[in-house]
Amino acid sequence: MTVRLRLLMLDLDGTLIESLAVKDAAFARLYADAPRFDEIMAYHRSHNHVVRFKKFRHISEHFLGRPLSAEEDAGLRKTFEKFVVDGLIGCPEVSGARRFLDTYQGIVPMVLISHSPDGELRRVLAARGLDRYFEAIYSADWTKQEAIADALAVHDVSAAETVYVGDSPEDAGAAAANGVAFVGRRSDRNLNGLEARVFADMNEVHEHLAAAYGTE
């Protein structure tokens, strides 16, 4: 018997909007003149699950060899947000994303789980007209694993009735830690080993869910 899909959880960057390059470019601008630039960028790209504030501290301590002062930390946060917000608002949607959200709105409750700071995230979603689709928005105030667990409890659904759609190994790991099925959108983050459940765009993700759960 087909399990009913009762809750959809979605990542934002690389899943619904083509924003990864925007954030990569912001990190590159932020550390353009820093020593060990290539190592810094490699660290950034390989740690999708680490929020930017922790990355700033790690980069300062481990690559630049100095503690991060409160003043410098505040400056990095402000400058990074300035670099990315317009890009996040203006970048293209992943193909099929809006159709996907329109299809499931009112049919299956949806929540958004992102590592972006709360104020920035809500500003971007509102500007793009995406906030109206989600019953809850989880930002960098949560780890993704904790956000998934909370959403399951709040909506009183089982892991078997839930799918998390994301684009990174960390997304897949957070879903697995909660027993939730993961479906991947293929961005430039490495999801090798999960190819049977990784799709080029949100049109293909929808087709997969329709076949797996009998949704339309």
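Reply: Let's start with the terms: on a 1 Å grid over the protein atoms alone, a cavity is a set of points where a 1.4 Å probe fits but cannot get out, a pocket is an open set with protein on both sides within 12 Å along at least five of seven lines, and lining residues have an atom within 4 Å of a point. Grid points are joined across faces, edges and corners, and a volume is the space filled by probe spheres set on the points. Bear in mind that this is a predicted model, where local features need pLDDT of at least 70 and side-chain atom pairs pLDDT 80 or more, while totals for chains, interfaces and linings use all residues. Numbering runs from 1 along each chain as its sequence is written, and side-chain values use heavy atoms, with hydrogens and water left out.

The count is two cavities of 30 Å³ or more. The second largest cavity holds about 30 Å³, and its lining is L12, D13, I17, K23, L88, S116, E120, L121 and V124. Helix α6 gives the largest share of that lining, three residues (helices are DSSP runs of H or I, at least four residues, numbered from the N terminus). By class, the lining splits into five nonpolar, one polar and three charged residues; Ala, Val, Leu, Ile, Met, Phe, Trp, Tyr, Cys and Pro count as nonpolar, Asp, Glu, Lys and Arg as charged, and the others, Gly among them, as polar.

Now for the helix packing. The axes of α4 (residues 70-90) and α6 (residues 118-128) come within 9 Å and cross at roughly 30 degrees, with axes fitted to C-alpha atoms over the stretch in contact and angles running from 0 to 180 degrees between N-to-C directions. That makes α4 roughly parallel to α6, a label for angles under 35 degrees. On the α4 side, E81, V84, V85, L88, I89 and G90 meet E120, R123, V124, A127 and R128 of α6, contact being heavy atoms within 4.5 Å. This contact has six nonpolar, one polar and four charged residues.

Back to the spaces: the largest cavity is about 340 Å³. Its lining has 23 residues, with D13, K23, N48, K55 and H115 nearest its centre. D13 and K23 also line the second largest cavity. Helix α1 gives the most to the lining of the largest cavity, four residues, and that lining has five nonpolar, seven polar and eleven charged residues.

Methods. Helices (H or I, at least four residues) and strands (E, at least two) are DSSP runs, numbered from the N terminus. Angles under 35 degrees count as roughly parallel, over 145 as roughly antiparallel, 65 to 115 as roughly perpendicular and the rest as oblique.
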